[in-house]
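Subject: Structure handover

Hello,

Here is the structure I said I would pass on.

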Amino acid sequence: MDEGVDPTAMCRSLVEKISESEQLRSVTDPEILILFEDWLEELENETVTVIKRKGSVTPKDLSNELGLSESGSMFLITKLKRDGKI
């Protein structure tokens, strides 16, 4: 994965915009939005599985395990904590 481009940060930005703007939701292709939400849910599930298996992980550990950037891993950990999933 090219470290110059962080797809997780791009996705995080998209999620924030969707959450903040009903107008953006109305112009987003529903099929793409569903695929993105499914992908993010799968990453969240994989993150929870890794954390349960290892007890706890650092963003670096998670990035190595899932093939994500450290900032993407930090986003997932923070989101899951905020959502009460870990």
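The model is predicted, so local features are given only at pLDDT of at least 70 and side-chain atom pairs only at pLDDT 80 or more, while totals for chains, interfaces and linings use all residues. Residues are numbered from 1 along each chain as its sequence is written, and side-chain values use heavy atoms, with hydrogens and water left out.

Helix 5

Helices here are DSSP runs of H or I with at least four residues, and strands are runs of E with at least two, both numbered from the N terminus. Helix 5 covers residues 70–82. The expected span of a helix is taken as 1.5 Å times one less than its number of residues. For the 13 residues of helix 5 that gives 18 Å, and the end C-alpha atoms are 18 Å apart, so the two agree.

Buried means under 20% relative accessible area, exposed means over 50%, and partly exposed lies in between (1.4 Å probe, protein chains only). The buried residues of helix 5 are Gly72, Ser73, Phe75, Leu76, Ile77, Lys79 and Leu80. Just after the helix, Gly84 has a positive phi of about 75°.

Salt bridges

Side chains of opposite charge can pair when their charged atoms come close. The criterion used is a side-chain nitrogen of Lys or Arg within 4 Å of a carboxyl oxygen of Asp or Glu.

Glu44 counts as buried because its relative accessibility is 6%, whereas Lys85, at 46%, counts as partly exposed. Glu44, Lys79 and Lys85 belong to a network of salt bridges that also includes Arg82 and Asp83.

Another salt bridge is between Glu65 and Lys54, again with 3.3 Å from N to O. Glu65 lies in helix 4 (residues 59–66) and Lys54 in helix 3, so the pair ties together parts eleven residues apart in sequence. Glu65 is partly exposed at 35% relative accessibility, and Lys54 is partly exposed at 44%.

Regards
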